[in-house]
Amino acid sequence: MTGRENPYSRYARLRQISPIVRAADDALVVTGYADCQTVVRDPRFAHMPPDMLAFIGFPDWRDHPALHQLFTSILTLNPPDHTRLRRLVGSAFTARRVQALRPAIERMVAELLDDLAGQGPVDFVDRFAFPLPVAVIGELLGVPAEDRAQFQTLVRDWTQVLEVITPEVLERADPAAATIREYLAGLLQRRRREPADDLLTALAQAQAADDRLSDDEVLSNAALLFAAGFETTTNLLANGVVALAAHPGQKPLLGADPERAVEEFLRYDSPVQLSSRVVMEPVELAGVAIEPGERVVAYLGAGNHDPARFDAPHELRLDRADNAPLSFGGGIHYCLGAPLARLEAQIALPALVARFPALAVAGPPQRRDSLSLKGFTALPVYTGC
């Protein structure tokens, strides 16, 4: 857990050894900003085709709900299926729909802050960092408020397959993914009967307008949007609070320019630390010739701390200029929900500090045991009032 608690010094040592190294699992690892950017943007690097799961012992991947739900979503698909689905899902997940949520987000933040006032130490994840994004994505997707809390554990169990795929992991991930899918299937049927102003209705309508979008694809991508909609934002909010606690002098800069500040939180302690690709045609990376079939892992968190790209990268500077973190990936797989995550953090974090200027960490936080997703499962804080 030590390296996962604070991996950035280890990233720096990796960069000192070589810009590209061979990991124990035979993957090639890059830690420089420019090389990470190439991996996530260059079409010669693609996501692992699901049929390659046979080579790691899962030729029956379609029979595993956790794998089927992941590898039929836009997160892992490659063109041409990715192109088709990204366009159809994107037609429902519009900038207008996201911006229309601003008043609701402001209201939710105010209500959650009211609930925190006048109390002793509270768990920031449980009381704020999880409820806010799950309420927002639930509102956007159309998941009723009373049904949302159950998904925290379900999504955490399902997304373990992003870390490692083993029979032991699938024992928990498969039933979690199946429960999520069953719930969304029922909700989709309800939205077809009773349309609403939400994303699931929009997906159903996109499917009706284009019969190339199957029920299976709607459900896989709805599950992805729901899971990603709160998982990474929860981590962004909690990581931001911990970063501010370690750099209290930065608090006045948060309200001055929330957009710039959130970019720095994303860079300083990225909720997503790595992204993996497979080489599809011969390519040179970091001066090394790489053949098709090789797996390359871009350590986005390391790229965000590359001194060749960022001045004093280990310092939190909420007024940092020329900031372009890699935290949402890049290229055709750039995170579809990035504008929503940014909007939530830009509203929530300044409001939190304005309401509780003495906010401080109250005890040892519980770190999520994950290499790819960096965040906390519990974070005790004092509000100071």
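Mentor: Helices are DSSP runs of H or I with at least four residues, strands are DSSP runs of E with at least two, and both are numbered from the N terminus. Counted in that way, the chain of this predicted model has 17 helices and 12 strands.

Trainee: What makes the chain as compact as a globular protein of that length?
Mentor: The globule rule, 2.2 Å times the number of residues to the power 0.38, gives 21 Å for 385 residues, and the radius of gyration of the chain is 21 Å, close to that value, so the chain is as compact as a globular protein of that length. Along the principal axes, its C-alpha atoms fill a box of roughly 60 × 55 × 40 Å, and buried residues make up 55% of the 385 residues.

Trainee: Why is helix 13 called roughly perpendicular to helix 15?
Mentor: Helix 13 (residues 215–246) and helix 15 (residues 258–268) pack at an angle of about 90°, with their axes 10 Å apart. Angles of 65 to 115 degrees count as roughly perpendicular, and therefore helix 13 is described as roughly perpendicular to helix 15.

Trainee: Which residues meet there, and how many of them are nonpolar, polar or charged?
Mentor: From helix 13, Leu 236, Gly 240, Ala 243 and Leu 244 meet Phe 265, Leu 266 and Tyr 268 of helix 15. By class, this contact has six nonpolar residues, one polar residue and no charged residues; Gly counts as polar.

Trainee: How do you know that Glu 231 counts as buried?
Mentor: Glu 231, which is found in helix 13, has a relative accessibility of 6%, and since buried means under 20%, Glu 231 counts as buried. Leaving aside residues up to four places away in sequence, Glu 231 touches Val 155, Arg 156, Thr 159, Arg 368 and Leu 373.

Trainee: What makes the pairing of Glu 231 with Thr 159 a polar contact?
Mentor: The two side chains make the contact at 3.4 Å, whereas the cut-off for a pair of N or O atoms is within 3.5 Å, with one able to donate a hydrogen and the other to accept it.

Trainee: Why is Ala 312 called partly exposed?
Mentor: Its relative accessible area is 23%, and partly exposed lies between the limits of under 20% for buried and over 50% for exposed, so Ala 312 is partly exposed. Ala 312 is found in the loop between helix 16 (300–303) and helix 17 (338–355), and its phi is positive, near 45°.

Technical notes
Residues numbered from 1 in each chain as written. Predicted model: local features only at pLDDT ≥ 70, side-chain atom pairs only at ≥ 80, totals over all residues. Heavy atoms only, no water. Axes fitted to C-alpha atoms, helices over the stretch in contact; angles between N-to-C directions. Parallel < 35°, antiparallel > 145°, perpendicular 65-115°, else oblique. Contact = heavy atoms within 4.5 Å. Buried < 20%, exposed > 50% of the residue type's maximum accessible area, 1.4 Å probe, protein only.
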